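Biologist: Hi, I've just opened this one and I'm new to it. Can you walk me through what's here?
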Amino acid sequence: MKAAAFDYIKPKALSDALSLLEQGGDDAQLIAGGQTLLATLNMRLSEPSILIDITDIDELKGISVVGDKLRIGALVTHTEIEDSDLVAKHAPLLKAAAPHIAHRAIRNLGTWGGSLAYGDPAAEWPACSLTLQATMVIHGPKGERKIAAQEFFIDLYTTSLEPDEILVATEIPLASSDQVFYFHELARRHGDYAVAGLAAVAQKKGNVLSNCIFTFFSVSSTPVMAAATQGIVNGKALNEQLIAQAVCTVREEIDAIADITNSAEAKTHLIGVLLERGLKHLIA
Amino acid sequence: MSLKKKISMTVNGVHVNTEIEPRRHLVDFLREDLHLKGPHLGCEQGACGACTVKVDGQIIRGCLFLAVQANGCVVETIEGLTKSGALADLQESFMRHNAMQCGFCSSGMLLAAAELIEKQPKASREEVREWISGNYCRCTGYHSIVNAIVDVLEARAKGQKIKPIIAHA
Amino acid sequence: MELNGEQLIGAPIPEVWKGLNDIDVLAKSIPGCEEISRVSPEEIHAKVMFKIGPVRARFSGKLLLSDVVPDQSCSMAFEGSGGAAGFAKGKSRVELKQVDGGTLVAYTTEASIGGKLGQIGGRLISASAKKIADDFFQKFAKELGGEIVVLDSDPNVE
């Protein structure tokens with residue numbers, strides 16, 4: 001069906017966007033790539049009175065290295081991340097994950113910031129931002145604030161973004177030379193929402209992994225880090241026995257929530273499958 | 001609430017000015033206002049790919065892009081890309097492989113395939129299948145479409161282009 | 001979809017029971033509640049703005065209470081229409097028990113969502129229901145001045 005009528009405005013200044021957002025309250029919605037929002041409006045699952053198009057705002061654009069961090073602007077598209085040399089060098093996990101996002105036409109418009117701001121539990125970027133220990137840079141009426149990805153994703157579609165704030169960029173520590181990563185999504189078809197997914201990084205020395213981060217997505221209300229499992233794997237020689245132990249632990253640690261096609265038990269099983277494949281890949 | 005906005009864009013090489021309600025998406029504007037019936041509407045949710053058009057050199061879902069967002073952009077549909085010859089070898093290959101039946105998906109398929117050939121000229125058969133999995137076809141069963149695209153990739157890799165066979169009486 | 005759970009609220013049963021039947025407390029506890037009125041002792045009408053992710057769907061609904069045993073338990077049937085977005089229907093049973101630390105509210109819910117919201121949102125119905133229940137009890141406990149005590153077991157959702 002067709003979207004209900006709304007007004008449309010495209011401010012050039014971040015401060016203007018913020019005032020418009022504050023004024024609009026519940027009746028205003030931000031549009032960047034629009035790949036989630038416009039589908040929602042086309043179905044009349046929302047009927048805002050005004051859309052605030054933020055794609056002209058310079059502070060939200062670009063990928064750059066600033067000091068020891070990779071800064072990715074909120075407006076960077078999934079395709080731009082997929083094609084970026086800086087990302088390939090400093091956050092290769094993201095380059096590996098990008099092709100899993102929907103399909104090319106959607107990746108050409110959909111944005112890094114949009115995916116993070118919605119915090120869909122099945123989305124790739126929220127999970128990757130946890131794994132890469134990203135810091136979110138947020139602007140609001142009171143100015144700029146930063147918050148760790150670990151504290152950003154609170155509940156289903158609920159981040160720490162206040163209604164009058166805009167996610168501007170993220171900062172990600174540059175990958176170390178001994179960093180290895182693993183990204184995989186189990187889905188019935190390419191481009192489907194994952195049944196279960198894993199975004200993992202670690203530092204590798206021989207067959208010992210340290211500073212492991214294993215983030216599972218599409219298994220709960222938010223992406224979930226397997227902290228206890230990380231603790232078991234860190235600093236120990238990874239053999240068949242340790243892998244089996246880790247798989248056991250991760251299945252106990254994570255409380256999977258069913259969705260319309262897969263039970264909690266199925267997801268729990270697949271969490272273990274993903275971890276096993278991931279660990280074997282990481283030490284290969 | 002008739003808050004029409006003035007916008008202008010280039011569509012298939014032609015400069016277009018109009019006043020339009022913000023809620024109207026690009027494909028509705030192209031089809032209803034400009035009578036370009038090439039792009040089709042299937043799901044209006046971004047899943048089926050029938051609405052695929054090209055904006056500023058990249059494929060997008062025309063149903064998930066407002067006409068007002070196309071202000072100042074270069075828009076290309078199957079009509080323009082056919083006229084320019086950009087899709088000639090793909091179109092010939094599609095015909096040879098019977099990769100079109102009802103034709104509803106074809107505009108989107110061709111545009112998606114064209115971007116694949118441009119961005120991944122060495123794509124494997126598996127990569128072709130993955131790439132076009134964002135375009136649904138209800139008629140052909142997909143194999144003929146994949147074959148057609150693979151043929152074009154192979155020909156281009158050899159520096160050739162599949163050309164229509166013209167018979168002279 | 002089924003949603004079963006328990007919440008421990010740091011307040012005595014009579015207060016919790018009163019709160020659950022108080023329109024003003026419910027108005028402040030139901031996430032997105034815009035209007036609420038008691039039409040009869042057994043029937044409550046409400047308008048709720050369901051906000052989750054990009055979705056903003058206004059639901060008009062009614063709640064019908066039955067099998068009411070004061071300070072103990074009650075059943076309710078609910079149905080709501082979200083206009084173009086879809087509709088929801090279900091029933092719930094709530095039981096109160098006095099335990100150490102306050103009142104244990106045990107609830108079982110069966111619900112179905114139809115229309116667009118069910119189609120598109122079906123993937124996240126269970127997680128959404130859990131979130132709404134969590135949000136409700138957080139606000140409800142705050143209204144009573146008591147606290148939510150985090151239990152070991154998360155609500156069971158199927």
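Modeller: Of the 2 pairs of chains that touch, chains A and B have the most contacts; two residues are in contact if their C-beta atoms, placed from the backbone, lie within 7 Å. Keep in mind that this is a predicted model, where local features need pLDDT of at least 70, side-chain atom pairs count only at pLDDT 80 or more, and totals for chains, interfaces and linings use all residues. Residues are numbered from 1 along each chain as its sequence is written, while chains are lettered from A and ligands numbered from 1 in the order in which they are written.

Biologist: How far apart are the closest C-alpha atoms of chain B and chain C?
Modeller: They lie 10 Å apart, and no contact joins chain B and chain C.

Biologist: And how many residues does the contact between A and C take from each chain?
Modeller: Chain A gives 20 residues and chain C gives 23. On the chain A side there are 11 nonpolar, 4 polar and 5 charged residues. Here Ala, Val, Leu, Ile, Met, Phe, Trp, Tyr, Cys and Pro count as nonpolar, Asp, Glu, Lys and Arg as charged, and the others, Gly among them, as polar.

Biologist: OK, switching to chain A itself. What domains does the assignment give?
Modeller: Domain 1 is 7–53, domain 2 is 58–173 and domain 3 is 179–283; the bounds come from an automatic or database domain assignment. The C-alpha centres of domain 1 and domain 3 of chain A lie 36 Å apart.

Biologist: Which strands does β3 of chain A pair with?
Modeller: Strand β1(A) (residues 7–9) pairs with β3(A) (residues 50–53) in the parallel sense over 3 bridges. Strand β2(A) (residues 28–31) also runs parallel to β3(A), joined by 4 bridges. Strands are DSSP runs of E, at least two residues, helices are runs of H or I, at least four, and both are numbered from the N terminus. Two strands pair if DSSP finds at least two bridges between them.

Biologist: Last topic, chain C. How many helices and strands?
Modeller: Chain C has 4 helices and 9 strands, in the order β-α-α-β-β-β-β-β-β-α-α-β-β along the sequence. Its C-alpha atoms fill a box of roughly 45 × 35 × 25 Å, taken along the principal axes.
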